Each structure stands twice: as structure tokens, then as C-alpha cells.
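Please keep the structure open while reading.

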Amino acid sequence: MHDRGGRVTRKDVARVAGTSVAVVSYVVNNGPRPVSKALRERVIEAIKETGYRPNGVAKALASGTTGTIGLIVPSIKNPYLSELAHAVGNAARQRGLNILLGDSADDRQQEVKLLESFVLNRVEGLLFYGVDGCPPELEKLRDTTRVLVFDSWDAPSFAHCMRLDEGAATFKAVDHLAEHGRQRIAMVTGPLDQRNSRVRMQGWAEALRARGFEEDSGLLQSAPYTRSGGYQAGEKLIESAVDFDGLFAANESQAVGFLAACSEAGVSVPKDVAVAALNGTSMGSFTIPSLTTFEQFVADNAENAVECLLQADEPQLLAAQGDLIRRSSCGCESSYV
């Protein structure tokens, strides 16, 4: 019944309805050629029987349901993920779709519960940002729901994927600190049991090696991806006997916490310590000093992700776009944009 390793296609619908793939497309797309009422009803019944999932707007025409796509993120408190959710919502609304948002609160069990809930709510498609990769339960959506996963290296074979090369982005930010003459560049990374923390650590280490700098384990602190995590890691680094003149934070929230620790301890940024971070947002323009970050182009990435989710039949691998935004914390002139 199913082509492409189990995924239902329009060819399957045409076979069940006893018609051509072209006629199925006319029904799903509401044109361009007219289809008789009887044949249209036969195609709609075949869509229901096979579980075929066209894009959200077309499915609404075929089945009478309202188009809704889901977005699951690990923590809506994360400024980058908040901006991503906002941008995805805008992209969905521009297409006449509703958005159902789920926050797993960095809890893998809650993540699975959200997946089950979204399936019951019959979302037309799912944009998924995992706590740490993709849970096995995502595989259950293979025959029922279009899926795009963000920043995952273990996406199911049926799903689309959009990811940033976080190792390369980290390398670029750390190397920029070295361009300012910093040679003892510390890092605040995330929890070590999460793959993205290790990927970012690898980018940091590769940047140090490329410059011929010493890899000192004392320069590395692991902390939650939060402001308090960055603050506590900053306290430990400042109170330790380790000498450092640069700091790369694995996300913006950690960097904001680190800036607070520096302020309390009388450490001047960037004079004493130059700072940069990954996954920055517009918030970086308004810290003191303003924060140098590698920022993803969230609006463009969200637009491309939603378009791919709704329109592409074959699994696609999309590269998230972004660049290093240079502000005061690294020693560059401030840019309040």
C-alpha cells in the first residue's frame, strides 16, 4: 500500500480511490481542473482511509478540518527559542494556519507527553526542537504527520531537518576573541549529558588548537543553559586560580549571567575578559556591555522551515542561516541594532 518505506503518497490514495494521481492532486489542491462531486467524495474517503497527510491548507479543503501545526521546544524561557516560536507563529499565520505550542521544560518525559497530545489534537505538521535529540516516540508519527526537527543529528528518516553547524559557529566566535589578542579563552558549556553541549565544546577546543593555544581543563565550566547557570559558572571561574582573558558561553542566557558575575566581582568586560556567546537574540544589544553573539536569522529560518514542512514530500536537510554579530563585549564598537 505505501511507497517510500511506509509513507502514504498520492499514488496510494489514487489506487484506493480507483482514479489517477492527477485527480487526487486536483482534489487536494482544489484545482486547477474541476472534479465531479462523486469522484471528489471518493478521493476524500481514500485520503481518510489511507491516512494521507497533504499540507495543512490542502488537508483542510479535503477533510473539513482547520489547519494547525505544532511546535515543541525544550524551554520557552530561552530567549532564542522564544524568538523562534514567535517567528514560526508568524510564518504559520501568513499561511492561514493555527499554531499549537508545547514547552517540554527540558524534561524528556514531558516531551513525550506533548508528542502524544499533539497527535491526539491532529496537528497537520510538527516542528520539533528536542531536549537532546529525537525521542524514539517520534517514529510513531511516520505515517500520520509531517515532521521537521531542529538542530538534530538523529532525525527519523521520514522527517525534514534544519540545523546549524554549531561547532563551526562556536569556532567562529572563539576565533574572533583570539583576533582581539585573547589567548586564555574559557568556556561555559551546557550539561555534559547533552549532545549539543559536547558539539559546542568541540568547536571551542578546535578553535584553541587552530591558534596554538593551551587546552586547559580548568578553563571549562559546565552549567545549565540559564542565566543563573552562567552566573554560577562565572563565580567559579573568577574565584579559581585559573587565569583567563576571554570567555565563550554556549548560549546567550549563560553569557548574561556571566556578565552579572563579572559586574559583582569588579571584573571589567571587555578590558579584563572579552565575552562572546552562541544563539544570541535582540536582547544582546541591550546588555551592559552589549553582547557579541552568533545569531541565527530566526525569521528567515522559521519561514523556510514552515514552507518545507508544508510543501516538501521528500525529507529535506536545511542549513540554518546565521552570522557573528560584533558588539562591545568582545572589544568591538557597540552596535545597538
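In what follows, Ala, Val, Leu, Ile, Met, Phe, Trp, Tyr, Cys and Pro count as nonpolar, Asp, Glu, Lys and Arg as charged, and the others, Gly among them, as polar. The model is predicted, with local features requiring pLDDT of at least 70 and side-chain atom pairs counting only at pLDDT 80 or more, whereas totals for chains, interfaces and linings use all residues. Residues are numbered from 1 along each chain as its sequence is written, and side-chain values use heavy atoms, with hydrogens and water left out.

Rolling a probe the size of a water molecule over the atoms shows where empty space is left. The search uses a 1 Å grid over the protein atoms alone: a cavity is a set of points where a 1.4 Å probe fits but cannot get out, a pocket is an open set with protein on both sides within 12 Å along at least five of seven lines, and lining residues have an atom within 4 Å of a point. Grid points are joined across faces, edges and corners, and a volume is the space filled by probe spheres set on the points. Helices (H or I, at least four residues) and strands (E, at least two) are DSSP runs, numbered from the N terminus.

The structure holds 2 cavities of 30 Å³ or more. The second largest cavity has a volume of about 50 Å³. Its lining consists of Y80, L84, F150, D151, M162, R163, L164, Q296, N301 and A320. Helix 5 and strand 5 (160-163) are the elements that each give two or more residues to this lining. By class, the lining of the second largest cavity comprises 6 nonpolar, 2 polar and 2 charged residues. One of the lining residues, D151, has a positive phi of about 45° although it is not a glycine. D151 lies in the loop between strand 4 (146-150) and strand 5.

The largest pocket has a volume of about 690 Å³. Among the 36 residues that line it, P74, N78, Q194, N196 and Y225 are the closest to its centre. Helix 5, helix 8 and helix 10 (252-265) each supply at least two residues of this lining, and helix 8 gives the most, with 4 residues. The lining of the largest pocket divides into 13 nonpolar, 12 polar and 11 charged residues.

The helix contacts are next. Two packed helices are described by the angle between their axes and the distance between the axes. Axes are lines fitted to C-alpha atoms, for helices over the stretch in contact, and angles run from 0 to 180 degrees between N-to-C directions. Angles under 35 degrees count as roughly parallel, over 145 as roughly antiparallel, 65 to 115 as roughly perpendicular and the rest as oblique. A crossing is left-handed if the near helix is turned anticlockwise from the far one by less than a right angle, and right-handed if clockwise. Contact means heavy atoms within 4.5 Å.

How do helix 5 and helix 11 cross? The axes of helix 5 (residues 79-93) and helix 11 (residues 298-311) come within 8 Å, at an angle of roughly 50°. Helix 5 is therefore oblique to helix 11. Their crossing is right-handed. On the side of helix 5, Y80, E83, L84, A87, V88 and A91 meet V298, A299, A302, E303 and V306 in helix 11. This contact has 9 nonpolar, no polar and 2 charged residues. Y80 and L84 also belong to the lining of the second largest cavity.

Helix 7 (residues 166-179) and helix 8 (residues 195-211) have axes that come within 8 Å and cross at roughly 40°. Helix 7 is therefore oblique to helix 8, and the crossing is right-handed. Residues in this contact include F171 and V174 in helix 7, and W204 and L208 in helix 8.

Helix 1 (residues 10-17) and helix 3 (residues 37-50) also have axes that come within 8 Å, and they cross at roughly 120°. They are therefore oblique to each other, and helix 1 passes helix 3 in a right-handed crossing.

Two prolines complete the tour. The peptide bond from V269 to P270 is cis, with omega near 10°, and P270 sits in the loop between helix 10 and strand 9 (274-278). Another cis bond joins I288 and P289, where omega is about -10°; P289 is in the loop between strand 9 and strand 10 (292-296).
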